[in-house]
Every structure is written in C-alpha cells, then in structure tokens.
Amino acid sequence: MSDAPPQPPAGGWEPRDPTVQEPGGADAAPAPAEGRTPGRPDRPGTPPGREARSGRRAPRSGTGPEPGHGTPPGEGPAPGRAPDPAPDTGQAPGPGPVGHPTGRRAPGTGPGSGTGTGTGTGTGPGSGPGPTGPDRPREPKGRKRRRRTGWRRALPTWRMLLGGLLLLVLLLGGGFLAGYHLIEIPPPNAAATAQANVYLYADGSPLAQGGQVNRESVPLERVPRPFRQAVLAAEDRDFHTEPGVDPGALLRASWNTLTGKGTQGGSTITQQYVKNYYLGQERTVTRKVKEFFIAIKLDRATSKDEILEGYLNTSYYGRNAYGAQAAAQAYFGKDVQDLDTAEGAYLASLLNAPSAYDVGARPANRPRAAARWNYVLDAMVQEGWLSRPDRDALEFPAVLPSHPTAGLAGQRGYAVQAVNTFLARHGVLTEKALAAGGYRITTTLRKDRVDAFAEAVKAQVLDRLDPQNNPTDQYVRVGGASIEPSTGKVVALYGGVDYTRQYVNNATRRDYQVGSTFKPFVLAAAVAQGAATQRGERITPNTVYDGTNKRPVQGWTGAAYAPANEDDASYGGIPLHTATDRSVNAVYAQLAVDVGPEKVRRTAIALGLPADTPDLTASPSIALGPATASVLDMAEAYATLANHGKRGLYSLVEKVERIDPAGDRELPLPAAGSDARQAVSRAAADTTTAVLRGVVEGGTGTAARAVGRPAAGKTGTAEDDKAAWFAGYTPDLATVVALMGQDPKTGAQKPLYGAMGLARVNGGGAPAEVWAHYTGTALDGTPARDFDLELPKGSEIKKKDERETEEGTEEETGERTEEAGAEDATGATAGDRPHPAEGPQAPQGPQAPPGTPAPARPATDTLVIE
C-alpha cells in the first residue's frame, strides 16, 4: 500500500458537509446499546435523517436494511445507519445503497468509481461517484396526511361542502318535480265564486244586494284600459312578460313567515289570483308552496287576459267590495266602465291596503292616499301608459263618504224577499240557485213610488204612534202594495218599518183576514154570472136587499148563518150599492148565497187571489172576508177590476240575468201583462167600479177623496179589529193598505183598539189616509183621468132610490165600518150557530109570481163560472 495521499478526482473534490461525520473518526457513534436492535430508530415515526439531526452516528456500511425500510436486503444499509468502510483492496467498491434522507449523493473520499448510497456521508475510499453516474435517492412512499386538531375539526372540508351542495340540488330538483306533478289546479273556492244577487229598480238604479259577498263579476272588456294599466302599475308591471311566479318573492315571504316577521308583498298578479280564487288567505308555508306550483301551471294553461280578469273580479277593495264593479259602486257610485283615469288609479291604490287609503272613511288618510295615487300615476308614465301632460292634468278624485253597509235595511229587504218568492213561484229560479247568488235582477219597482209609500206611512201612521205611553201602539204593523192596472207591474211595496227590525213582510204575509174588502168580488161575481135573488130578480146595483141586523140568510142548505152588522145597525130594505157603501154584512151574506159561494170563490181566484188562500171557503161567510189573502194578492185583484176585468201576469221582475265574466246571460221570464185574459166580463168589472166609487164619495172610504182625482175603493176590518184595510184604485194605479196588530214578542195577533189614540181603527181611517197620501204623491204631475165605464142596461146607480130607501134608517153618525165574522147576540160566531126555526123576512125587491122562470142571464165576454 502506498503512503502517498490520495489524489483528487478529475472533477475536483466535492464540498464536505460539516454535519456528517467520517466513519471511524474521533466523533464516530458508539456501538449500539445492549438490547437495542442495530439500525432501528429510537421510536416509531421518526422521519429518515432524524438521527443525523439529533447528532447520532450513522451505522456502518455493509449492514443490510431491515425489511420494510425501503432498501431490499443485500443492496444497501439499513435506514439510519452509514455503510462500514470498505477494506483497502485496491478495487473500487460496487454501487452503494440508496436512501440518503436529503436526496443528495453521499460524498466519497477514496479512489474508484463507486457511488456511496448510505444515509450517512462517507469519507473513505470508494465513496465517490461510480462509473454508472450519480444515483438519486427514492422518495418515501405512503406519506400520511396531517391530522386536524382543535377548532379546525368542527369545520367542514371542501369535499363535504361540495357533496352537500350536490345533495341539496338533487333534493330541490326532486321536490320541484314531485310538487309539479302532485299538486293539481283545484276547483275554485266557494268564497271566490260567491256573488251577491244584484237587485235593481226599474230604472236600473241599485235597489239591494242579497248575499254575504258584495261582488258582481264583469268581463275584462267592461274594465277601462286605464284602470287595468293602473292596477298593473301598482301591483305587477311586468305581468304580461314575466312568468307566473317570482321565486325570490316566494322565498322572502316564506322566510318572513317562518321567522315571525309577518308577510311581505312581491307576489305576482298570477300568484295573488291563485290565492284569491283557488286557495285562501291563510298565512302558511304550505299555502305558499301550493300557490307557487298552481301559479306555474295556471300561467301555462291560461291566457294573461283571463288571469287579469279573474284578479280584478276577486280582489278586495275595502268597504266590503269584492271586484272592480263593486268597488266602483262603493267609492264612486258608478259602474266600472264609467270610471276615468284618476278614479281607476285610486281604486288601484286601494289594493295595497284598503283601510289605509280610504279617504271617505277616514279623511286623515288623504296625504297617504294621495302619495300612493301619485305613485301609481308616475309608474304609468314610466311604463309609457300615460303621457306626462295628461298625468299632470289629473286631480285627486272625489270619493264618496263611507256609510255603514245598508244591506237589506228599510224597504230593501222586503222587496228582495217578495222578488225571490215571485221567481221561485214562477219557476224562473229555485231557492237554491238564488241562495248561490250571481244574478242581476231588474224589478218593476219604481224608487220614487217606494219612497212615496214609505213617506205616506210615516206621516199618517208612524208619526202618530207613541209606544212608550200607549202599549197598543207597539202592535201596529203596516203593509202595502201598488200595481199599474194597464201593465200589471208592481211599482211599490211597503213591507214594514224596517226589514232588519221586523222581518215578516207585511205586504206578502197571508195570515190576516181581508174583511169587507172581499165584498166587491161577490158583487162582480153576481153581475158576471147574471145571478138572481131568491125571488128570481136579476141582481143589479139597484136591487133592494134586507139589511136587518142578524138576518138569517135564505136558500142556504148548510149551517144557519145570520151575521151581525157593524155596531148591530139595521137598515131594512137597502139598495145593493148603498149596502156596499155602508158595508152591510147581512146584505152581502145573502148576495153570496144568491150567486153561489163556490162561484164567488172562483171569481175571486180569477181576479187574482191564489187558489190556496187560507180560509177561502165556499160558504155564505166568504162575503165578509175571513180569507187571509196578502196585501199584494188583494192589489192584484183590485187592479183587475180597474183594468175592466182583464187580467194578465202581475209581475215584480222585468229582467233576470246570470252574471258571467264571459258575458251576462238573460234568463227567460214571463213578461208583465202576458197571457192576458178576461177574468170577469167588462160589464161586471165596470159595474163594480161604479159601485165602489160611491164608497169613496159618500161611504166608509171618504178619507180617500183627499187624493183629488176620481177613485174607487172599499174598506175592510178583520174580526176583533185585528186588521184594518183600504183597497182602492184610480184608472192609473191600484193600491191596497192594511194595518195589522201583532205582539212584537210573541207574534200573536192583537186587536188595535186604542191604537194611535183612537177608540177603534177601521179601514176608513189610517189605511184610507195612507192610500190617499201615497196615491196623490205617486200620480203627482200626471193628468187626472176619469173611469171609462161601460155599464149594462139597468146597472146605472139610481141616487133617488137610494134616498128613498134611506128613510126610516138610522142617521149616519160619521164613519161606518164592518167586521168579518161578527158575532150575533148569543155570542156565537156567524156561520157556526144553528138555523132558527123562524126569523124575520124582509122583502128583497119586486117579487115574481110563483112558477115564473128567472130572467135570462146576460151575455158576457168571459168564461162563465158554474
């Protein structure tokens, strides 16, 4: 071996790492401790090269690595141990092991071309580069991710966030598909389709609205374009271009509901329409979800115009007004098609908060309402729907004051009740259909005459009542009806003081006796049938009858009947027309028998009384009026007499229309006066009229002369003075008035003795005064017409005969009245007591010899009732 120092390699010496110790040097690592495995790290997990940094010596080369430490056996030293120095043989060593922790080539100091590959740094021979070139160390396999500690463990990783986002998208998409397919467009709710029945006077002015919902749906064409544009400007300017839903607004509203912040606007018009028409007003997330899906489907299946029309007809505008038509009437007293731009903009402003912008109800709302109104108009300008000059020229509209909903108060409720009864009775509409609503009903009633009737009752009756000091006054009820004879139209009704205070309609009720107002029907039947007396004399107004009080009727095979006259007065022989003036019961009971009670009954029905009128029985007492026909029934019958015996359909209704946004549909309706027929001959009707004129001129109905024009009529008083009637007519108007006694608590009928401070109330008193007051007002401004009467020969009234028959009778002492079902001296009701074996017999006019045939009946132009 030469002692010469080693020569540097051709490339020069490699710089030496001062941290690496040469094998065998003074600082060489000591031998491994006893019990420790050579080449094993101190503790698991020590990274390669840790020993070098801690000052430990690397193991000598030549020791094979342990399995699993990255170097195959026989190819390099164990990790953490430097290779032992190679013996000085003069040959270069083979390639060294790989695995230096820093990845650098271990520097060599000995000769040769080998390469040191241990984890330490060698300085002996053979540690320089080998012939095959430099070898790079291998990267460690299976590097472990550092575990998170502390608060970082609570944070989601990016993988978790991405997965959650994907899951949310899947859930939302699946929920949308499921909701779209599962939620169908439901049928409209009952409240949205409910409409009021609109009742109009004959001139088209509002009469009343029946039903709980004040709504009248109208087609979109009736809504002015500026009004429609104002609604869009206020509620949804992009309605015609946007989809049916606004997801952002839905999320805001749902969030506010969930967090208890209340509701928030922003829904589209389509969504609002869905809420109004299909769902309801509940504030829940479920309703919002349904609204969302239904709006999507509706927007795809329905045109924008249809949706806007439905929205305008279902929206609430305040003052109990649903829909544009009801709102136009409530705030401006006009139909929706008559609104101008300023009025339409005001109604559009109300949709946001009706109570906050109603200046009629609260004048203090005006500044806020004006600001909202200006906002709507400015929005219309921005959208190009209104020019700036036109906008600047507009002024805030005059809004009607707010009044409590009148509903059916006053006479309105009675009129509605009577109209509904008429429609149901004639098969035009069922009660169920009327209850559902949605009809516009134009009546024959005239507002001026309805008001005149109410004024007459107030002046002649109500103002004279003092229920606080006179208990009987609390029993007084008034009913009235008025008909045009020539047309058959009912032009006025009076049902009571107020429908909300007295529910029963006194104009149509059938529970009070009509009294002697029935007697003209007996007279008409006698003339129409050509009836004769018991002695065979043809009956005329001049036929003399026995007017003795409680005279038993003759020729009646039924139970004996001897009615009492009013105040038990006896008149002896008295012409029929005078007996009518004084309403002599004894005469008319006999007249009914002479005609035939059944024929009398049929004549009354032909004139206008319903066939099912209670107590309309074929007996002698029928003449005294025990039948309980209504005031309206009696007015129809008297109108037939005024129309010369011709009777058509008496109607309360001019027209009925089904309210439909697609277009109102008119229902078939029998017209007033249609199906006219001659109920009794003109001779019979005109003869009756001639006789009834005497009642007004000098009989029990003289109070009616205050009308100031030719009139005919008849008074009547029910049994025990429980009702008092006056039925009369002029050539132009037939009217019946009745006062009735009823206990307001029990509903029982009560006598009217002492009412209005009078000892007795009879038909010639307050009823005739009301009649004259109303008729004079109703016909004011029209020329007075006389009756055009055609009387048969022998029916002219002979005043001289009347004066002759009055000799020896009791002196007239003022008003004369009559009583239906009067009692006789024994206390038994007329018609119920036995027939006496003998009774007084008064002459009944000229007597024909026995066996003389009755005179032939006159020819008539009507159906003879047998």
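Arg-658 stands opposite Arg-665 in β10. The model is predicted: local features need pLDDT of at least 70, side-chain atom pairs count only at pLDDT 80 or more, and totals for chains, interfaces and linings use all residues. Residues are numbered from 1 along each chain as its sequence is written, and side-chain values use heavy atoms, with hydrogens and water left out.

**Exercise 1.** State in which sense β9 and β10 pair, and over how many bridges.

Solution. Helices (H or I, at least four residues) and strands (E, at least two) are DSSP runs, numbered from the N terminus. Two strands count as paired if DSSP finds at least two bridges between them. Strand β9 covers residues 653-658, and its pairing with β10 is antiparallel, over two bridges.

**Exercise 2.** Give the strand order of the five-stranded sheet, then find which strands stand at the edges.

Solution. The order is β2-β1-β3-β9-β10, in an open sheet with mixed pairing. β2 (206-210) and β10 (665-666) each have a single partner strand, so one side of each lacks a neighbour in the sheet; these two are the edges. Strands of a sheet pair through backbone hydrogen bonds, either parallel or antiparallel.

**Exercise 3.** Locate Asn-320 and Met-756, and decide whether each is buried or exposed, or in between.

Solution. Most residues other than glycine have a negative phi. Asn-320 has a positive phi, near 60 degrees, and lies in the loop between α8 (304-314) and α9 (324-332). Met-756 also has a positive phi near 60 degrees; its loop runs between β14 (734-741) and α23 (766-778). Buried means under 20% relative accessible area, exposed over 50%, partly exposed in between (1.4 Å probe, protein chains only). At 29%, Asn-320 is partly exposed; at 10%, Met-756 is buried.
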